[in-house]
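Here is a short report on one protein model. Keep the sequence and the 3D view open while you read.

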Amino acid sequence: MIQVRRNSWNWQLRSEKVLDGWFDDFPKYMAANQVKHNPQRTVFTVDNQYYVKLFTPHKLDDKIRELLSPRARLEFETGIELENAGIPVIQYLGWGRRGVKGMLVTAAEPGVKTLWQRRLEITPELMDKLADLTRQLIEKRFYHPDYHAGNILYGNDLKLVDVYGILRIDSYGPEKKYRMCRVLLGLKEFISDAEAARFMVSAGIAGTVSEAEALWSEYLVRDGVRLNKDWEKRSRQIISNYGKFVIVKDGIIYRRMPDESAASLDDAKPCEYSPEEAQRLWLESFRKELFGIPCRKPLALKNGNRLYWEAAPEPTLTDEVKSRIAKMQFQ
């Protein structure tokens with residue numbers, strides 16, 4: 001690694017060329033190519049070449065933590081460790097700091113989406129790839145506390161992104177195996193119980209199919225408890241038009257689709273309700289989606305009382321889905 005100081009920033013880089021052409025004027029790139037933003041972190045791209053995170057802590061305890069253990073450094077070092085261990089991961093190119101601010105640079109993957117964004121494309125072959133990635137992490141004793149489909153890129157192969165928090169551990173106990181299986185629980189709407197059991201055996205979470213079936217049943221119950229507990233928070237986010245769930249344009253609240261676009265209303269069926277009933281149906285559709293329950297969804301909400309429903313009919317629930325609903329205590 002190369003140590004570089006530029007514009008009062010101290011950098012650790014794989015190559016000094018990483019900073020060429022953009023860093024001296026990075027606010028311009030950040031304003032033009034912003035991907036995500038909150039008070040603590042801004043993410044932006046640079047000419048389809050780099051993916052940059054700028055950490056800007058505001059609270060005193062966050063500033064102290066950043067001074068002692070910069071998040072950019074921790075994620076960078078974890079990314080390098082994973083790469084050296086042969087785990088598929090995006091390429092981490094460098095990190096820098098200036099005071100309490102930090103910056104992390106990774107190689108961009110133009111056109112590649114996350115597994116969550118491509119969740120409608122689940123195939124047995126993809127599940128085998130996901131099981132292989134999970135098995136590598138478990139066999140090499142890497143524990144990912146936030147292992148979900150949004151942290152996995154899906155191009156020709158699967159790669160980890162946002163590796164902050166991944167730890168090297170001595171052994172995998174039942175709780176950590178459950179946490180690693182959260183990636184599967186997030187995709188449950190698109191896989192069968194048999195596919196889930198196969199994944200768990202292939203990934204090393206279970207030793208036999210019968211053990212996997214028992215664990216999957218247990219995990220569904222636990223996931224239901226978690227989702228029911230979290231629903232009050234999630235419902236508040238949806239009502240407040242949180243960007244993870246919706247996109248607001250021209251006074252209409254659109255459902256955010258798997259590819260991150262706003263839902264199309266070309267074939268939608270508009271229906272008017274009382275504001276209370278419209279909100280109830282709007283929220284219920286998101287709750288079913290979180291629980292992995294197939295349903296006919298409203299694609300947009302206008303004026304608080306008009307819902308635009310997708311043209312597809314209400315799906316018939318299979319016995320397997322009904323069993324899951326019971327286990328997860330969806331009411």
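Which helix gives the most to the lining of the second largest pocket? Helix H2 does, with three residues. Keep in mind throughout that this is a predicted model.

**The second largest pocket**

The second largest pocket holds about 280 Å³ of space. It is lined by 13 residues. Those closest to the pocket centre are Gln-40, Phe-55, Asp-62, Glu-66 and Arg-71. Helix H2 spans 60–68 and helix H3 spans 71–84. Each of these helices supplies at least two residues of the lining.

**The largest cavity**

How many cavities of 30 Å³ or more does a search of the whole structure find? The search finds one. The volume of the largest cavity is about 40 Å³. Its lining consists of Phe-291, Gly-292, Ile-293, Val-321, Arg-324, Ile-325, Met-328 and Phe-330. Helix H10, residues 319–327, gives the most to this lining, with three residues. Six of the lining residues are nonpolar, one is polar and one is charged.

**The chain as a whole**

The protein chain contains ten helices and 17 strands. Its radius of gyration is 22 Å, close to the 20 Å that the globule rule gives for 331 residues, so the chain is as compact as a globular protein of that length. Along the principal axes, the C-alpha atoms fill a box of roughly 60 × 55 × 40 Å. Buried residues account for 43% of the 331 residues.

**Aromatic contacts**

A pair of aromatic rings is described by the distance of the centres and the angle of the planes. The structure holds 14 such aromatic pairs. One of them joins Trp-9 and Phe-26. Is that pair stacked or edge-to-face? The Trp-9 and Phe-26 rings are edge-to-face, with 6.2 Å centre to centre and 85° between the planes. The pair links distant parts of the chain, since Trp-9 is in strand E2 (residues 9–13) and Phe-26 is in helix H1 (residues 26–32), 17 residues apart. Both Trp-9 and Phe-26 are buried.

Trp-9 and Phe-26 also belong to one aromatic cluster. Trp-11, Trp-22, Phe-23, Phe-44 and Tyr-50 are in that cluster with them.

The table lists them with their distances.

| Charged residue | Ring | Distance from the ring centre |
|---|---|---|
| Arg-119 | Trp-116 | 3.7 Å |
| Lys-249 | Tyr-254 | 5.3 Å |

Arg-119 lies over the face of Trp-116. Lys-249 lies over the face of Tyr-254.

**Positive phi in loops**

Most residues other than glycine have a negative phi. Glu-260 is not a glycine, yet its phi is positive, at about 80°. Where is Glu-260 placed? Glu-260 is in the loop between strand E14 (252–255) and strand E15 (269–272). With a relative accessible area of 30%, Glu-260 is partly exposed.

Asn-303 also has a positive phi, near 60°. Asn-303 is in the loop between strand E16 (298–302) and strand E17 (306–309). Is Asn-303 buried or exposed? Asn-303 counts as exposed because its relative accessibility is 65%, and the cut-off for exposed is over 50%.

Thr-106 lies in strand E7, residues 101–107. Its relative accessible area is 3%, so Thr-106 is buried, the limit being under 20%. Thr-106 and Asp-266 are 160 residues apart along the chain, and their C-alpha atoms are separated by 38 Å.

Val-246 lies in strand E13, residues 246–249. Val-246 has a relative accessible area of 2% and is therefore buried. Val-246 and Met-257 are eleven residues apart along the chain. What separates their C-alpha atoms? The separation between the C-alpha atoms of Val-246 and Met-257 is 8.4 Å.

Terms used
Residues are numbered from 1 along each chain as its sequence is written. This is a predicted model: local features need pLDDT of at least 70, side-chain atom pairs count only at pLDDT 80 or more; totals for chains, interfaces and linings use all residues. Side-chain values use heavy atoms; hydrogens and water are left out. On a 1 Å grid over the protein atoms alone, a cavity is a set of points where a 1.4 Å probe fits but cannot get out, and a pocket is an open set with protein on both sides within 12 Å along at least five of seven lines; lining residues have an atom within 4 Å of a point. Grid points are joined across faces, edges and corners, and a volume is the space filled by probe spheres set on the points. Helices (H or I, at least four residues) and strands (E, at least two) are DSSP runs, numbered from the N terminus. Rings of Phe, Tyr and Trp (its six-membered ring) pair if their centres lie within 6.5 Å; planes under 30 degrees apart count as stacked, over 60 as edge-to-face and the rest as tilted. Buried means under 20% relative accessible area, exposed over 50%, partly exposed in between (1.4 Å probe, protein chains only). A charge sits over a ring if NZ of Lys or CZ of Arg is within 6 Å of the ring centre and within 35 degrees of the ring normal. The radius of gyration is taken over C-alpha atoms; the globule rule is 2.2 Å times the number of residues to the power 0.38. Ala, Val, Leu, Ile, Met, Phe, Trp, Tyr, Cys and Pro count as nonpolar, Asp, Glu, Lys and Arg as charged, and the others, Gly among them, as polar.
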